[in-house]
Amino acid sequence: MRITTRITAVLAVLSLLVVACGGDDDASTGDFDLVSAGTLTVCTDVPYPPFEFEDPDSPIGYRGFDIDLIAAIAEENGLEVEIIATGFEGLESGTTMAAGTCDLAASAMTITDARAERLDFSDAYYSADQSLLVLEGSEVAGIDDLVEGLTVGVQSGTTGEQYAEENVPGATVTAFENPGDLFTALQAGQLDAVLQDLPVNEEYAANTGDVQVIAEFVTDENYGFAMTRDREDGLVDAVNTGLQAVRDSGLYDELFAEYFLAG
């Protein structure tokens, strides 16, 4: 993992953003109806590298593309950040935020019509596809090989689960709440393949010597930060404005290069 490099680069750029904005005295926190005044409380499902993972060396305890990006967006709005680890199903259903646990979900969540009926999303910040991961030496060479008698693992409540249910020809589709358990089950021989977001499978393959991504499926998915429907405090607009500012500053490109392009 390139954690030390990421921390140094991100904190350095964030410091420049603060200076450019004239410091905390000039930052506006708006009139947001937040769980904790002055702090954007963010829920995420970890581990899901390279988007979110624990990092004891980080001031907020977590790192990843989602985490660093939402921290920069919060900085643009004069807000601190607190990260809370939660399950994904409660995030994509909206129940976690409706319960007042957090203000926003940053968890590699695809914007879908069904989710948009119960959640408001920010502008898209990442495009992803699905993929198939197997142990090296596996006889599974593609999705058509996932026939009856085999088992493919997915994360519950995700678009990967939906894709598997619609496209896997006969294998048993087994859903796991914790994304990390998918890899454990694959290594233990309990699964014949893992079907989930391409960058996550690629990250695991890059750091593990005995697995490989054998197929990619173009789904044109776009991730967004999710909030409760019909907020009246302007938080959705503030997140979008902050996202655009981070893009304009060049920080978005730096984060993208660190998490997805670095060797």
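**Entry 1**

I note that the model is a predicted one. My search of the whole structure gave one disulfide. I placed Cys43 in strand S1 (residues 39-44) and Cys102 in the loop between helix H4 (95-98) and strand S5 (104-105), so the bond ties together parts that are 59 residues apart in sequence. I read the torsion about the S-S bond of Cys43 and Cys102 as about -120 degrees, and therefore recorded the disulfide as left-handed. I then checked accessibility: Cys43 is buried at 0% relative accessible area, and Cys102 is buried at 3%.

**Entry 2: aromatic pairs**

I counted 20 aromatic pairs. I found Phe65 buried, at 0% relative accessibility.

I next took Tyr126 and Phe256, a tilted pair with 6.1 Å centre to centre and 35 degrees between the planes. Tyr126 is in strand S7 (residues 126-135) and Phe256 in helix H10, 130 residues apart. I noted Tyr126 as buried at 11% relative accessible area, whereas Phe256 is partly exposed at 26%.

**Entry 3: cluster and charge**

I traced ring pairs into a cluster whose members include Phe65, Tyr126, Tyr252, Phe256 and Phe260. I also located Arg247 over the face of Tyr252, at 4.3 Å from the ring centre.

Key: Residues numbered from 1 in each chain as written. Predicted model: local features only at pLDDT ≥ 70, side-chain atom pairs only at ≥ 80, totals over all residues. Heavy atoms only, no water. Disulfide = S-S within 2.5 Å. Helix = DSSP H or I, 4+ residues; strand = E, 2+ residues; numbered from the N terminus. Buried < 20%, exposed > 50% of the residue type's maximum accessible area, 1.4 Å probe, protein only. Phe/Tyr/Trp six-rings, centres within 6.5 Å; stacked < 30°, edge-to-face > 60°. Lys NZ or Arg CZ within 6 Å of the ring centre and 35° of its normal.
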